[in-house]
Amino acid sequence: MRDVAVVAFSQSPSVRRETDCNEVEILIPVIHELRTNAGITNEDVDFVCSGSSDYLAGQSFAFVSGLDAVGAWPPVCESHVEMDGAWALYEAWVKIQMGYAELALVYGFGKPSMGDLPLTMALQLDPYSVMPLWPDAVSIAALQARLLLDDGVVSERDMAEVAVRDRANAKQNPYAQVKGDFSVDQILADPYLVSPLRKHDCSPISDGASAILLAAGDRAKDLCKRPAWIRGIEHICEPQDLGVRDLKRSRSTEIAAEKAGVRAGKIDVAELSAPFTHQEILVERALGLGSETSINPSGGALAGNPIMAVSADRAVAHATSGPCLQQNLICVLEG
Amino acid sequence: MSEEVSEPIEVLRLPVELEYQYTAGKSASRFLRGLQQGKLLGQRCPVDGRVYFPTRGCCPQHGVPMAEEGSIELPDVGTLVTYSIVRVPSANIPLELPYVTIQVLLDGADTVMMHVLGECELEDVHMGMRLEAKWKPEEEWETSVGNILYFVPLDEPDAPYESYKEHI
């Protein structure tokens, strides 16, 4: 295995609705800032990989226009995943492991405010028996939450506590969208949005972009005083059919954590990117995190966000995709 | 088990309808507002000075942001770089067949724009022709490239091949 590290990171603020910029214009300053801060030019980059969804953009091959922000002349070695940017990072990591690249630019971007996000997410469900019912993403998550509550796996108070923690932590994060001081009782007094989920149990809909620079070995040391070395990275996928999965735990997170070596040492910081409070609890449990770990110091708005900013020796980053935590990616970083 | 063999389902109709609300974006909006005032706005790359028309938020070659200050107004005259004679109808083009689609390199621009040619016999169309925009009456201008009805030939000598060969 080659040593590979995150050497630079940049992001746009997460906003509910970006009214002026189009998708690419959200991305342009993010990529520019990343390259400027790292002191590199396009010629230094061996591989470019992006994560975005044409369903959010409502256009086929929308991600191609994202390359405007990178600059693709002379031609660049480029790839794209129809996934969260975390999976683009995984592909870039593999590319570096294979010896095809030393320095990789990875970015993720999306402007879900253009469409109806909960309904768009229905398109990822089984296309014959589930999708035609158009169950929106919040309702699907609510079914899972109901299962957890009825079985006593979590309580509504547990869920509210997650919301309170994340909203309070987000106050330190200038890029976060929903932040502030709330009390558990205050949240529990809120009406249900989609029972048993309240507004605070749901992640906001955010327009935004982020970018990461990955470098191998000495290259990383040249570019960054304290690179965040990737010591383990793994992603695991569960079946698409919700009925065959155990929705009361996140098996894929457990397996990915095991393979990535999460428990091989103390974890100082964990950034969990679960879109609903009950799912964050499942991920936290699957990772076996204890009180020695600071969870979601960013507020959890973007996976990986504070890794370059906080002083951590060992951190874990999580990303998820698909309904009810179907796919999970775990990345262990050491500084 | 039942002996009855049902017909296999071969077709399943699953209509998908999602609504999107688009924003043209900052730079495209600037371009479109310019058109509304009869202006053709391009944008200069801060790295090599190339002028992109229409404006983009970013130089697609260097990946650098193009600031609003880099906007420049281009004349409505240019050179025909390449063309095609169209003999099939198209719903959004109200021209009589056959007509000529063209790529025009506006004077001062480094990228071509697509439009149509008018007031010109088919046998006279050729690369290098000098052209001028024929605009709609001002009171009909909107945020659309359709404010230009078509381009018409100018009574000028052809542009030398070298001046546009990189844009073919």
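Lys136(B) and Glu142(B) form a salt bridge, with the closest N and O atoms 3.9 Å apart. I start there because a salt bridge here means a nitrogen of Lys or Arg within 4 Å of a carboxyl oxygen of Asp or Glu. Glu142(B) is partly exposed, with a relative accessible area of 42%. Keep in mind throughout that this is a predicted model.

Over all chains, the structure holds 23 salt bridges. Salt bridges with shared partners also join Asp3(A), Arg231(A), Arg314(A) and Glu334(A) into one network.

Next, chain B as a whole. What elements does chain B contain? There are 1 helix and 10 strands. For 168 residues, a compact globule would have a radius of gyration near 15 Å, but chain B has 22 Å. Along the principal axes, the C-alpha atoms of chain B fill a box of roughly 85 × 45 × 40 Å.

Of the 168 residues in chain B, 36% are buried. The accessible surface of chain B is about 10500 Å², and carbon and sulfur atoms make up 49% of that. On contacts, take those in chain B with a separation of 6 or more: 54% of them are between residues 24 or more positions apart. As for charge, chain B carries 13 positive and 28 negative side chains, and the centres of the two sets lie 8 Å apart.

Two backbone points in chain B. The peptide bond between Phe53(B) and Pro54(B) is cis, with omega about 0°. Pro54(B) sits in the loop between β2 (51-52) and β3 (58-59) of chain B. The other is Glu119(B), which is not a glycine but has a positive phi, near 50°. Glu119(B) is in the loop between β8 (113-117) and β9 (130-135) of chain B. Why does Glu119(B) count as exposed? Its relative accessibility is 54%, and exposed means over 50%.

Arg165(A) makes a salt bridge with Glu280(A), the closest N and O atoms being 2.6 Å apart. This pair links distant parts of the chain: Arg165(A) is in helix α7 (residues 156-169) of chain A and Glu280(A) is in helix α11 (residues 277-287) of chain A, 115 residues apart. A salt bridge also joins the side chains of Arg165(A) and Glu284(A), at 3.4 Å, N to O. Because Arg165(A) lies in helix α7 and Glu284(A) in helix α11 of chain A, that pair ties together parts 119 residues apart in sequence.

Why might one helix present two partners to one side chain? An α-helix has 3.6 residues a turn, so residues three or four places apart point the same way.

Glu280(A) is buried, at 3%. Glu284(A) is partly exposed, at 21%. The cut-off for buried is under 20%.

Helix α11(A) itself is largely enclosed by the rest of the structure, because 9 of its 11 residues are buried. Among the buried ones are His278(A), Glu280(A), Ile281(A), Leu282(A) and Leu287(A). Just after α11(A), Gly288(A) takes a positive phi of about 65°.

Ala215(A) is in strand β7 (residues 208-216) of chain A, and with 0% relative accessibility it is buried.

Val15(A) lies in the loop between β1 (4-11) and α1 (23-38) of chain A. Val15(A) is partly exposed, at 28% relative accessibility. Beyond its neighbours within four places in sequence, Val15(A) is in contact with Gln177(A), Ile205(A), Ser206(A) and Asp207(A).

Last, two backbone points in chain A. The peptide bond from Ser195(A) to Pro196(A) is cis, with omega near 5°. Pro196(A) is in the loop between β5 (192-194) and β6 (197-198) of chain A. Cys324(A) has a positive phi, near 50°, and is not a glycine. Cys324(A) lies in the loop between β11 (314-321) and β12 (327-334) of chain A, and it is buried, with a relative accessible area of 6%.

Methods
Residues are numbered from 1 along each chain as its sequence is written. Chains are lettered from A and ligands numbered from 1 in the order in which they are written. This is a predicted model: local features need pLDDT of at least 70, side-chain atom pairs count only at pLDDT 80 or more; totals for chains, interfaces and linings use all residues. Side-chain values use heavy atoms; hydrogens and water are left out. Helices (H or I, at least four residues) and strands (E, at least two) are DSSP runs, numbered from the N terminus. The radius of gyration is taken over C-alpha atoms; the globule rule is 2.2 Å times the number of residues to the power 0.38. Buried means under 20% relative accessible area, exposed over 50%, partly exposed in between (1.4 Å probe, protein chains only). Contact means heavy atoms within 4.5 Å. Accessible areas come from the Shrake-Rupley method with a 1.4 Å probe; for residues, only the protein chains shown count as cover. Lys and Arg count as positive and Asp and Glu as negative; His and the chain ends are not counted. The place of a charge is taken as NZ of Lys, CZ of Arg, CG of Asp or CD of Glu.
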